[in-house]
Amino acid sequence: MITMRKRLALLIVIAASLARAQASGPALTLDQARAIALKNHPQVLASQANYQRSDQLTREARSAYYPTINADISASQAEVNSRIGAGLLTDSRLFNRTGAGVTLSQLITDSGRTHNLVASAKLQAQASRADYQATQYDIGFGVDQAYYEALLATQLVHLANQTVQTRQAAVNQISELTRNKLRSQLDASLAEVNLADARLMLLRAQDRLQSAYASLAQALGTQHGAAYTLSDPPTPPDPPATADALIADAFRHRPELASLRLQSESARKQVYAERDLRRPNVTLNAVGGTLPYIDPGHANPNIPKTYEG
């Protein structure tokens, strides 16, 4: 009996310490939890980076409409008796000179290939945005589940505490009656067993609450869990009598389905772009250059500067 009482006392100390730890946690509402998750969760950040990358790919595909300009600057120094090269060595010029050149390339038409590539990239970017929205919905749903589970576990802990207090009062009453020979020792033992069951239920509720806090921290995208002080969210409106309207609305607005439709259309545009490779394309090319400085150097001074050997 003494050993059993020591165990019960230890359970009381553990339960009290856990209750104090829970009461000192920061306050957290459901809206705050959703905002934290959308800001910190790695899946949301990865999906956001993916759709931003898709936007840049659209700009890259559209760049084919604009001209391409290349500029080059070169210079060489003439050396005496170095006209003859050996093997793969390039022979030098006979003049000291500098030169600059510019090359311009402008697409006139490629029979619609670039148009289809840009359209495909745009549709893929829209599909990435839909995926990003779907990820936000999934993370928000996970936060709701974890939040309500933690809220339920908190209520179970309160209920278990009340049960322990009630059965402790019953044990005290029956023990006093037993000392006065008004109740039997069996009644006292049964009361202590019921109290032990209540304390075990409290520990299980505490364990469930700690697991709920860990799941909530994971849903929020944080590395360290905390014993939050949760508040009851407002009661949501009643659902419709049938699910037909909800199912139809989901088919129209669910971002996953929209993403699949956009990806299918993007693939179709990509097929059209590959088909356009069989058609002709027209490109305007222009080349210009100048030699602002040219001098024979150590070469034959009779060679005119207008000639480059």
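This is a predicted model: local features need pLDDT of at least 70, side-chain atom pairs count only at pLDDT 80 or more; totals for chains, interfaces and linings use all residues.
Student: Why is T114 called buried?

Tutor: T114 has a relative accessible area of 5%. Buried means under 20%, so T114 is buried.

Student: Where is T114, and what does T114 touch?

Tutor: T114 is found in helix 4, residues 113-179. Leaving aside residues up to four places away in sequence, T114 touches A61, A64, Y65 and L107.

Student: What makes the pairing of T114 with D110 a polar contact?

Tutor: The side chains of T114 and D110 come to 2.4 Å. A polar contact needs N or O atoms within 3.5 Å, so this pair counts as a polar contact.

Student: How many aromatic pairs does a search of the whole structure find?

Tutor: The search finds 2 aromatic pairs. In one of them, the rings of Y51 and Y132 have centres 5.0 Å apart and planes at 35°.

Student: Why is the pair of Y51 and Y132 called tilted?

Tutor: Planes under 30 degrees apart count as stacked and over 60 as edge-to-face, with the rest tilted. The angle here is 35°, so the pair is tilted.

Student: What does the pair of Y51 and Y132 tie together?

Tutor: Y51 lies in helix 3 (residues 42-62) and Y132 in helix 4, so the pair ties together parts that are 81 residues apart in sequence.

Student: How do you know whether Y51 and Y132 are buried or exposed?

Tutor: Y51 has a relative accessible area of 18%, and Y132 has 16%. Buried means under 20%, so Y51 is buried and Y132 is buried.

Student: What makes Y147 and Y148 an edge-to-face pair?

Tutor: Their planes are at 90°, with 6.3 Å centre to centre. Planes over 60 degrees apart count as edge-to-face, so that label applies to Y147 and Y148.

Student: What makes Q173 exposed?

Tutor: Q173, in helix 4, has a relative accessible area of 53%. Exposed means over 50%, so Q173 is exposed.

Student: And why is V102 called partly exposed?

Tutor: V102 has a relative accessible area of 42%, between 20% and 50%, so V102 is partly exposed.

Notes: Residues are numbered from 1 along each chain as its sequence is written. Side-chain values use heavy atoms; hydrogens and water are left out. Buried means under 20% relative accessible area, exposed over 50%, partly exposed in between (1.4 Å probe, protein chains only). Helices (H or I, at least four residues) and strands (E, at least two) are DSSP runs, numbered from the N terminus. A polar contact is a pair of N or O atoms within 3.5 Å; within protein, one must be able to donate a hydrogen and the other to accept it, and residues adjacent in sequence count only if both atoms are side-chain atoms. Contact means heavy atoms within 4.5 Å. Rings of Phe, Tyr and Trp (its six-membered ring) pair if their centres lie within 6.5 Å; planes under 30 degrees apart count as stacked, over 60 as edge-to-face and the rest as tilted.
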